[in-house]
Amino acid sequence: MTNSLVSAIDGVITYLAKLVDTPKINYKELVILSTWLQTAFEVYILRRQLPCYERPLPPPALKQHVSKETFTKAQSYSKDKTRFALVKLVFDQFLGWGLIKLGAYAGLWKFTGDLLSKVGISSSRVTTHSLAWMTILTLISSLPGLPWSYYQTFVLEQKHGFNKSTVKLWIADTFKTYALAAIIGLPVLAGFLRIIDWAGRSFVPWLMVFLIGIQLTLQIVYPTFIQPLFNKLEPLPQGELRTKVEELAGQLGFPLKHLYVIDGSKRSSHSNAYFYGLPWSKHIVIYDTLIKDSTVDEVVAVLGHELGHWYYAHPTKLLLVTQLHLLLTLTIFSIFINNQSLYSAFGFDPSLAVTKPQPIVIGFMLFQLVLEPTDAFVKFLLNAETRRMEYQADEFAVQLDKKSDLSSALIKLHITNLSSPHNDWLYSMYHHSHPTLPERLNAMDNYKGEKRLKLKGVQKDEVEDEGKKDL
Ligand SMILES: [Zn+2]
């Protein structure tokens, strides 16, 4: 039964692979066309959003909370950010287009091969050649982004009073990020390529196991080894806030192990709070900026919202969705893995698609280019799902009787982060992982009444069991 299913899937993949390996499809032109279309769509969305920042007044729901001065500042900051995003988007498109048009992918493959043979490494060492190629390709496509990152931190954020970083810190951060990408990325890529090489056409399940293992390892390694390279986490000192947070966690059966404050203010005055950890041992992290700007009850209300995410197992559900997306991507890749037309369209020798050992990295990168425009659809769907989760977590906080504290905390967060309350609906659908502030306040107002009944339920013991079941 299982065998016949596997061979049926294999048959479909072989059929589709033949179908899409034809010189009739010019993959290079297809990629160029689709990336231009995607960029045009994103430019259109940003252009729709810009007029929202010209509106002179905040929406009625916020009128009594936001001063005219703050509103004007928020409008001007949002306008600058969106204009920046617009110019950067066009720049990135030209960069990507230039790399494809100039044949950089194939050119750099030859260049790195020649370079390696000069230092005595044979070009038959496919993994070494692949890693060298990826390193150079990554540097060439990401280094032009550095001046933009500098401008964003030291001009744009600075102008609106958010930047707390120094040039020294920015340079150190950049170096650390590149070093980490190399230390983690290159061995993972080597493993990825070796597994496909070893497993052949049926690599998908093996690769999934490998990639899930890597993700789980990173989840454990990140807070212990990676985050301390950038930020300092300190235990939240004893006091009213700590007592109230522990009390809330206790009531809900949240397995709180550590409660930290993070020095987010080192780089920026934007604020936040989150939790992470294994199902039986969770850590809550609160930004020092959030504590500074809010009352104790407001911070607790924000955590009430965060614990709503835990209660409904949102992170686990998102993780599952990501794995399904990964599985789908790899399955489609198995259709393209020996596609000679794809290789030759980008200037590679088509025999590279079928030789052994095969430089699979080339096929994978070219396949990514072909698949890239579908990211826009995935983004729409994923954002719709996370917005639904945000409403659910807000509702949870309301049921904990924290509506007014959460509302005032959210209003303060939006004011201190200078987010504009006006948004174009299509822009919001595409870009926002969270509903807008007026949407959230309205939704919380509508939870009144029948939902109050659930409040009793939340505080009953049965809910503690529910919570554990959700882990
Ligand atoms: Zn949330």
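Is D401 buried, exposed or partly exposed? Select D401: this residue is partly exposed, with 14 other C-beta atoms within 10 Å. The terms work as follows: buried takes 20 or more other C-beta atoms within 10 Å of the residue's own, exposed takes 12 or fewer, and partly exposed lies in between, with C-beta atoms placed from the backbone.

Before moving on, note that this is a predicted model, in which local features need pLDDT of at least 70, side-chain atom pairs count only at pLDDT 80 or more, and totals for chains, interfaces and linings use all residues. Residues are numbered from 1 along each chain as its sequence is written.

**Stop 1**

Helices (H or I, at least four residues) and strands (E, at least two) are DSSP runs, numbered from the N terminus. The phi of D401 is near 75 degrees, a positive value in a residue other than glycine. Most residues other than glycine have a negative phi, and most peptide bonds are trans.

Next select L418, in the loop between α16 and α17 (425-431). L418 is not a glycine either, yet has a positive phi of about 50 degrees. With 20 C-beta neighbours inside 10 Å, L418 counts as buried.

Then go to P357, in the loop between α13 (340-345) and α14 (360-371). The peptide bond from K356 to P357 is cis, with omega near -10 degrees.

**Stop 2: the sheet**

Select residues 233-235, 256-262, 273-278 and 281-287. In what order do the strands of the open sheet lie? The order of the four strands is β1-β2-β4-β3, with mixed pairing. β1 and β3 (273-278) are the edge strands, each pairing on one side only. On average, neighbouring strands here are turned by 30 degrees against each other, direction ignored. Two strands pair if DSSP finds at least two bridges between them.

Start with β1 (residues 233-235) and β2 (residues 256-262), which pair in the antiparallel sense over three bridges. L233 has I262 in β2 as its bridge partner. Now cross to β4 (residues 281-287), which runs parallel to β2 and is joined to it by six bridges. I262 has Y287 as its bridge partner in β4, and V261 has I286 there.

Residues are in contact if their C-beta atoms, placed from the backbone, lie within 7 Å.

**Stop 3: two helices side by side**

Select α7 (residues 167-199) and α8 (residues 204-230), whose axes come within 12 Å and cross at roughly 165 degrees. That makes α7 roughly antiparallel to α8. Axes are lines fitted to C-alpha atoms, for helices over the stretch in contact, and angles run from 0 to 180 degrees between N-to-C directions; roughly antiparallel means over 145 degrees.

Which residues of α7 and α8 meet? Among them are L180, V188 and F192 in α7, and W206, L207 and F210 in α8. By class, this contact has 13 nonpolar, one polar and two charged residues. Ala, Val, Leu, Ile, Met, Phe, Trp, Tyr, Cys and Pro count as nonpolar, Asp, Glu, Lys and Arg as charged, and the others, Gly among them, as polar.

**Stop 4: Q93**

Finish at Q93, in helix α3 (residues 68-101). Q93 is partly exposed, with 17 other C-beta atoms within 10 Å. Leaving aside neighbours within four places in sequence, Q93 is in contact with T35 and T39.

How values were computed: Two residues are in contact if their C-beta atoms, placed from the backbone, lie within 7 Å. Angles under 35 degrees count as roughly parallel, over 145 as roughly antiparallel, 65 to 115 as roughly perpendicular and the rest as oblique.
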